Amino acid sequence: MNKTIPTLAQLTHSSTTEKWEQAFDALTDHVMIVDQEGNIVWANQAIRNLVEPQVGQIVGRHYRFPYYGEILPPSPPPWETVLAGALSAVVETAFPLMSGQFLVSCFPLFDTQGTQWGAISVVKDITDRKRIEEALRKIAQSDPVPGSIGFLRALVKDLCQALNVPYVILADLEEPSHPNAQTVAVLANGTFLENFSWTPPTALLNDLSSVKGCAWNNISTPFFPRTSEVSSWEVTSYMGNALRGQTGQIIGLLVALSPEPITNPHVAKSIVQLFAARAASELQRKKTEDALRDSEQRYRAIVENAYDLIIEISNQGKCNYISPNCPAVLGYDSTDMLGKSFFDFVYPEERKTLSASFHTQIETLQEIDMTCRLQTKQGEWRWFESHIHPFRTSMGMVKGVIVTRDITEQKRVEDERLRATKLESVGLLAGGIAHDFNNILTSVFANIGLAKMISTKEGSSISSMIERLSAAEKACLRARDLTKQLLTFAKGGAPVKSTTSIASIIGDTVEFALRGSSVRCCLHIPEHLWPVVVDEGQISQVLQNLVINAEQAMSEGGVINVTVENESIIDSSDVPLKPGNYVRVSVADQGIGIPQDHLSKIFDPYFTTKQKGSGLGLATTYSIIKRHEGHISVSSALGKGACFTLYLPASSQQETSRDETPSALISGKGRILVMDDEDEIQEVLGKMLEHLGFDVDFANEGEKALSHYTKAFQEGLPYVATILDLTIPGGMGGKETLRQIKSFHPEAAVIVSSGYSNDPVMARFQEFGFSGVIAKPYNLVDLSKVLSEIL
């Protein structure tokens with residue numbers, strides 16, 4: 001608009017009068033022209049239609065008449081400011097005679113000489129805009145409790161005000177494919193309704209789900225079924241948005257409904273989309289919080305009603321939480337355990353190992369399984385199976401959750417079952433022993449009987465009698481070998497270990513075992529094998545058993561492959577051995593193989609599929625390997641042979657030399673003291689020692705042996721050697737007798753002898769102070785060898 005405007009009279013007679021009047025009349029805003037005194041000279045159709053039906057013509061009246069009436073405004077209206085000389089005035093204000101808020105823009109009017117003669121004003125109704133701005137301001141400022149029902153209700157209320165509609169529904173939609181919703185907030189005519197289950201109309205759901213933004217529609221038919229909770233709403237128009245979660249799935253609906261067409265739909269759509277974005281965010285938060293709360297309640301119910309005892313511990317093992325069933329499981333109140341270390345309640349002999357393992361694994365968040373005994377408040381030690389799950393808190397602290405179950409009764413049942421299995425095995429073992437020993441005794445009795453008959457028969461030769469006695473001696477040696485096997489199997493025969501090369505043991509054993517056989521053996525033994533710590537005799541027995549079994553499995557000949565390798569075992573290995581260095585030996589044949597149902601029994605005593613087998617070979621092999629802290633396994637397939645794999649601990653020390661056993665008798669001289677409670681042993685041992693050139697004194701228990709030794713020592717004629725039986729029923733045995741002899745004669749040469757080769761003294765005789773060892777039964781050559789070594 002130009003700064004210089006023609007007078008109203010001039011405009012009236014101008015050809016443009018009709019044009020600007022039509023332009024101003026087309027506006028919905030109030031347009032007025034007032035003179036210098038404030039009287040209305042001209043008003044457009046919008047203000048006239050609003051006011052004149054009630055008060056009559058307004059042209060010629062003062063501008064305050066339609067807005068203020070007789071009320072004096074508290075501050076000068078913008079018209080006064082402009083009529084007083086201001087270049088313009090733009091003010092947001094309210095009028096006493098009109099509801100709502102308005103923006104008044106007022107500008108001066110000048111004649112052609114530049115003299116102000118009046119003013120023109122435009123009054124715009126901004127009630128809706130201010131309502132929208134207020135709603136947006138509330139969204140921007142958020143709420144002190146986002147995600148709460150109160151906040152979601154506030155969003156619904158603000159949307160109602162922003163769109164000026166009576167109804168808004170915010171609903172939670174669990175499954176888009178199953179349109180059953182649960183309302184979260186429902187506002188109707190300014191009042192919040194109780195929430196209810198709601199099935200949105202199919203048309204509405206299709207509209208909202210088919211577009212990513214806001215959907216809007218006018219409808220003519222009833223929108224809700226008569227059975228609906230909101231059937232009384234007279235809805236002809238709706239505008240809404242599907243609320244989408246973080247992954248894009250529909251999680252809810254926000255719908256504004258009105259009995260009249262929603263005005264200014266383009267602006268309204270933007271408003272609905274803005275509210276929907278915030279509503280989706282808060283609904284997602286609410287669903288997450290509800291799920292977390294449900295999860296907490298569910299897990300609390302599980303924990304508080306579980307049969308298992310559940311304990312939360314720190315990375316130091318201190319108890320931070322004890323489940324409520326603690327009194328029923330252990331007898332303690334939770335206060336008895338809180339703040340104390342879980343391992344304080346563990347059996348003392350198991351405490352150190354389990355605690356060390358826990359502290360090693362907890363920081364790396366490794367799952368821990370353990371079986372141990374815990375002490376109840378009544379002082380009883382009960383077996384518990386525990387699983388520890390470590391986790392890191394949001395603050396970075398490492399903690400663990402222990403789920404532990406009382407398995408005392410289960411273990412008792414297992415022990416009874418194991419005991420019954422052992423008794424069954426013992427019965428089988430006893431039957432096998434009786435069978436083998438009866439065969440041996442038959443040979444001994446028969447040959448001795450024949451030798452006696454030959455000695456009384458005239459004309460018989462000495463050689464025939466010696467032949468029978470040699471056969472009896474051979475049967476006795478078989479009995480000795482059987483006894484050694486039984487002792488080794490029955491957790492006896494403790495290995496006398498030394499550091500040696502497995503290669504030399506394998507070479508000697510295989511060559512001996514396959515002498516005269518049609519089976520060929522291929523040895524795959526690399527250089528630089530680690531030394532092993534083994535009892536050479538027992539490992540030779542193991543290898544002999546495996547090679548003989550392989551040879552017997554190939555009746556028509558074949559090849560046995562013996563492969564040796566160094567191998568380091570780590571924690572994650574499938575082999576049940578503690579981490580470290582091992583030498584792995586594999587013995588594979590090309591025989592008929594072992595049926596799968598036999599593999600689990602292959603190491604059981606007296607289990608055999610051979611017609612002439614004893615069933616002790618592999619059982620003895622298994623026991624020897626276990627006592628060497630090793631492992632043995634078998635794999636096989638019918639028709640493809642079998643492979644036995646054993647692991648033996650490697651040593652970082654150098655191997656020791658292997659001495660050859662002399663076979664010739666070595667004589668000596670001097671006095672030897674023999675202590676043994678068996679008269680037959682005294683008699684035969686005396687004869688053997690006399691044959692070797694020694695004089696012999698006897699004692700049947702430790703006190704007498706000590707008396708003999710003390711007397712000889714005091715007389716200055718000490719014994720050159722003493723042979724002590726380790727065990728004397730009802731009397732002082734060899735270990736105590738040795739201790740007292742050494743107390744006054746530290747240099748005494750004392751040999752320990754026993755039929756109990758499983759006794760630790762027999763395996764580590766030097767640690768107990770003995771000079772030598774000889775295991776029963778033994779012969780003259782064995783006795784000569786031991787005496788020659790210590791004298």
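Biologist: How many bridges join strand β1 (residues 30-35) to strand β5 (residues 116-125)?

Modeller: Six, and the two strands run antiparallel. Before we go on, this is a predicted model: local features need pLDDT of at least 70, side-chain atom pairs count only at pLDDT 80 or more, and totals for chains, interfaces and linings use all residues. Residues are numbered from 1 along each chain as its sequence is written, and side-chain values use heavy atoms, with hydrogens and water left out.

Biologist: In which order do the five strands of the open sheet come?

Modeller: As a general idea, side chains in a regular strand alternate between the two faces of the sheet. Here the order is β2-β1-β5-β4-β3, with antiparallel pairing. At the edges you'll find β2 (40-43) and β3 (89-95), each pairing on one side only. From one strand to the next, the twist averages 25 degrees.

Biologist: Which helix packs on that sheet?

Modeller: That's α3 (residues 45-55), which touches β1, β2 and β4 (98-110) and points about 90 degrees away from the direction of β1. Contact means heavy atoms within 4.5 Å. Axes are lines fitted to C-alpha atoms, for helices over the stretch in contact, and angles run from 0 to 180 degrees between N-to-C directions.

Biologist: Now helix pairs. At what angle do α19 and α23 pack?

Modeller: Two packed helices are described by the angle between their axes and the distance between the axes. For α19 (residues 679-691) and α23 (residues 780-790), the angle is about 60 degrees and the axes are 10 Å apart. That makes α19 oblique to α23; under 35 degrees would count as roughly parallel, over 145 as roughly antiparallel, 65 to 115 as roughly perpendicular, and the rest is oblique. The crossing is right-handed, meaning that the near helix is turned clockwise from the far one by less than a right angle; anticlockwise is left-handed.

Biologist: Which residues of α19 and α23 meet?

Modeller: From α19, Leu-685, Met-688, Leu-689 and His-691; from α23, Leu-780, Leu-783 and Leu-787. By class, that contact has six nonpolar residues, one polar and no charged. Ala, Val, Leu, Ile, Met, Phe, Trp, Tyr, Cys and Pro count as nonpolar, Asp, Glu, Lys and Arg as charged, and the others, Gly among them, as polar.

Biologist: And what about α16 and α18: at what angle do they pack?

Modeller: Helix α16 (residues 536-552) meets helix α18 (residues 617-627) at about 145 degrees, with axes 9 Å apart. Here α16 passes α18 in a left-handed crossing. Among the residues in that contact are Ile-539, Val-542 and Leu-546 of α16 and Leu-618, Ile-624 and Ile-625 of α18. The class count is six nonpolar, seven polar and no charged.

Biologist: Is β11 largely buried or exposed?

Modeller: Buried means under 20% relative accessible area, exposed over 50%, partly exposed in between, using a 1.4 Å probe and protein chains only. Seven of the eight residues of β11 are buried, so β11 is largely enclosed by the rest of the structure. Five bridges tie antiparallel β10 (residues 214-218) to β11, with Trp-216 partnering Met-239.

Biologist: What phi does Gly-248 take in the hairpin of β11 and β12?

Modeller: A positive one, near 95 degrees, in a hairpin with five residues between the strands. Gly-248 is partly exposed, at 35% relative accessible area.

Biologist: Which residue has a positive phi although it is not a glycine?

Modeller: Asn-189 is one of them, at about 55 degrees; this residue sits in the loop between β7 (178-188) and β8 (191-192) and counts as exposed, at 58%. Glu-629 is another, with a phi of about 60 degrees, in the loop between α18 and β23 (631-636).

Biologist: Last one: where is the cis peptide bond that has an omega of about -5 degrees?

Modeller: Between Lys-776 and Pro-777; Pro-777 lies in the loop between β29 (772-775) and α23.

How values were computed
Helices (H or I, at least four residues) and strands (E, at least two) are DSSP runs, numbered from the N terminus. Two strands pair if DSSP finds at least two bridges between them.
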